[in-house]
Amino acid sequence: MASLMQQQPKGVNVGSNRIVAVNVSPSNNLPTPSHHDASSNHDQKPGWKKFMAYVGPGFLVSLAYLDPGNMETDLQAGADHKYELLWVILIGLIFALIIQSLAANLGVTTGKHLSELCKAEYPLLVKYCLWLLAELAVIAADIPEVIGTAFALNILFHIPVWAGVLITGCSTLLFLGLQRFGVRKLELLISVLVFVMAGCFFGEMSYVKPPASGVLKGMFVPKLSGQGATGDAIALLGALVMPHNLFLHSALVLSRKVPSSVRGINDACRYFLIESGFALFVAFLINVAMVSVSGTVCAADNLSAANANQCSDLTLNSASFLLKNVLGRSSSTIYAIALLASGQSSAITGTYAGQYIMQGFLDMRMKTWIRNFITRCIAITPSLIVSIIGGSQGAGRLIIIASMILSFELPFALIPLLKFSSSSTKMGPHKNSIIIIVISWILGLGIIGINVYYLSTSFVGWLIHSSLPKVANVLIGIIVFPLMALYVGAVIYLTFRKDTVKTYVETKNEAAMEKGFVVDGQLELSEVPYREDLADIPLPP
């Protein structure tokens with residue numbers, strides 16, 4: 001044990017084992033503990049105080065289920081099928097809670113986030129491919145967020161979409177400046193924006209008054225009827241689990257003080273599960289409100305022909321005109337405020353995810369504002385170019401392309417997460433149980449299968465109905481189908497590749513160390529050293 005610790009830089013948790021020991025010496029100025037000294041402060045706190053220390057990451061993560069891309073999917077699903085697909089959202093968010101809890105547990109247990117573990121595990125070429133795909137996922141996720149915010153600014157202040165894209169990039173950097181005051185301040189801002197969204201859509205729902213019986217039936221009675229119901233259900237599920245969110249959640253949990261005992265790690269995992277469950281429940285209610293509002297408005301008996309046409313092809317931009325025509329100007333303004341809160345808060349978390357991905361895969365050390373600026377510039381460039389050239393219509397089409405890219409990217413974040421969280425070489429005794437392994441792999445492969453199906457059928461459908469010459473279609477097929485085969489091969493490689501790098505370090509007499517004893521002249525730390533290398537975030541007290 002002593003030789004192991006001599007290889008580790010003091011004060012930084014470079015090892016993956018959350019149970020860390022340091023040599024006891026007078027220079028450490030640490031008292032020799034009794035049976036309860038090391039963890040007594042943590043154990044003596046009331047349960048609610050211990051829980052509040054872990055509140056925050058779940059709300060940042062929940063924004064992936066409330067971003068403008070999800071808003072557009074929800075509004076169209078409600079317009080086409082009324083309340084029929086609410087059960088899909090319920091099941092999807094239950095799936096998402098299980099997957100997100102695996103990401104949180106991975107960070108808590110190993111002391112490393114997902115991108116760092118990918119860097120440690122995979123060969124150089126695979127590592128850089130995963131990094132590029134993860135960065136592409138951040139850019140794709142950021143497109144609906146930036147465009148959604150630009151649409152909101154256009155509705156509220158009549159600012160051109162391209163100017164709104166630039167304003168969104170600058171405002172996100174300003175909000176991220178709250179990092180210097182501690183991550184809790186940023187988490188508070190995000191939580192406020194989530195509840196602003198909730199207030200706006202609950203207000204809209206109270207105005208349109210959807211029938212409670214219809215909403216509850218749609219929530220708990222699975223049904224797929226009507227043209228395009230299956231495709232819309234697949235789109236709803238595919239939009240729920242975001243690849244960059246898995247990297248983000250595994251990193252955010254490292255900003256908390258986690259007692260280094262086995263009990264402390266288990267408690268932290270449980271608290272993060274409860275907190276994520278509450279945040280995702282709020283996200284679920286907001287999604288229900290969005291579907292219910294569009295479903296009620298588009299099913300109204302007195303709907304004009306022009307408004308009915310808008311319902312058949314509902315976008316983030318056209319939804320405001322629909323609400324304005326049917327419910328009045330104030331309804332359109334409330335919708336725009338909710339869209340602004342959604343886009344701005346999601347853009348902040350997307351930038352955060354980009355920071356962690358860059359730091360984890362490349363181990364790049366740079367000042368926070370420089371890393372924020374680089375991430376922002378990379379993310380808003382496609383949105384800016386398309387909004388200048390194509391205007392609102394081009395920006396709307398870009399959201400659809402971004403959702404397809406995210407579907408394509410998901411396996412390259414989800415499969416490593418499933419493998420690492422089930423691996424004794426990464427998690428040690430904290431690895432998933434057999435039941436959790438089976439459930440998580442079934443859910444994970446099911447979500448991946450849905451996304452691949454959605455992606456492939458969308459492409460084939462586009463190819464069949466394309467107005468391009470036959471020669472062009474053949475050439476596109478020759479290029480794309482081998483790439484699809486390469487894609488499937490990469491997924492199979494990640495799934496069946498055996499982990500070769502052991503990052504979990506076994507400690508001597510780990511059961512005794514659980515309560516904070518001195519073992520072999522070494523003292524277990526009562527709390528794991530901070531990960532202050534992560535985006536230079538001042539950690540909460």
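Which residues is His430 in contact with, leaving aside its neighbours within four places in sequence? In this predicted model, they are Thr109, Val262, Ile265 and Asn266. Contact here means heavy atoms within 4.5 Å. His430 sits in the loop between helix 20 (424-427) and helix 21. Its relative accessibility is 15%, so His430 counts as buried. Buried means under 20% relative accessible area, exposed means over 50%, and partly exposed lies in between (1.4 Å probe, protein chains only).

Residues are numbered from 1 along each chain as its sequence is written, and side-chain values use heavy atoms, with hydrogens and water left out. Because the model is predicted, local features need pLDDT of at least 70 and side-chain atom pairs count only at pLDDT 80 or more, whereas totals for chains, interfaces and linings use all residues.

The protein chain holds 23 helices and 3 strands. These are DSSP runs numbered from the N terminus: helices are H or I with at least four residues, strands are E with at least two. Of the 541 residues, 56% count as buried. Among contacts between residues at least 6 apart in sequence, 84% join residues at least 24 apart.

pLDDT is the predictor's confidence in each residue, from 0 to 100. Its mean over the protein chain is 77, and 81% of residues reach 70 or more. Among the elements, helix 7 (residues 114-121) has the highest mean pLDDT, 93. Strand 1 (residues 21-23) has the lowest, 31. Over residues 1-40, pLDDT stays under 50. The model has 85 contacts beyond four places in sequence for that stretch. Residues 535-541 also stay under 50, with 27 such contacts. Where pLDDT is low, the predicted coordinates should not be read in detail.

Helix 21 (residues 434-465) packs against helix 22 (residues 470-496). The angle is about 175°, and the axes are 12 Å apart. The two helices are therefore roughly antiparallel. Axes are lines fitted to C-alpha atoms, for helices over the stretch in contact, and angles run from 0 to 180 degrees between N-to-C directions. Angles over 145 degrees count as roughly antiparallel, under 35 as roughly parallel, 65 to 115 as roughly perpendicular and the rest as oblique. Helix 21 contributes Trp441, Val452, Ser456, Phe459, Trp462 and Leu463 to the contact. Helix 22 contributes Asn473, Ile476, Val480, Phe481, Met484, Tyr487 and Thr495. These residues divide into 10 nonpolar, 3 polar and no charged. Ala, Val, Leu, Ile, Met, Phe, Trp, Tyr, Cys and Pro count as nonpolar; Asp, Glu, Lys and Arg count as charged; the others, Gly among them, are polar.

Helix 5 (68-81) is mostly covered, with 12 of its 14 residues buried. Among the buried residues are Met71, Glu72, Asp74, Leu75 and His81. At 1.5 Å a residue, helix 5 should span 20 Å, and its end C-alpha atoms are 20 Å apart, which agrees. The expected span is 1.5 Å times one less than the number of residues.

Most residues other than glycine have a negative phi. Lys82, which follows helix 5, has a positive phi near 60°. Lys82 is in the loop between helix 5 and helix 6 (86-110). Its relative accessibility is 37%, so Lys82 counts as partly exposed. Lys209 has a positive phi near 55°. Its place is in the loop between helix 10 (183-208) and helix 11 (212-220). At 63% relative accessibility, Lys209 counts as exposed.
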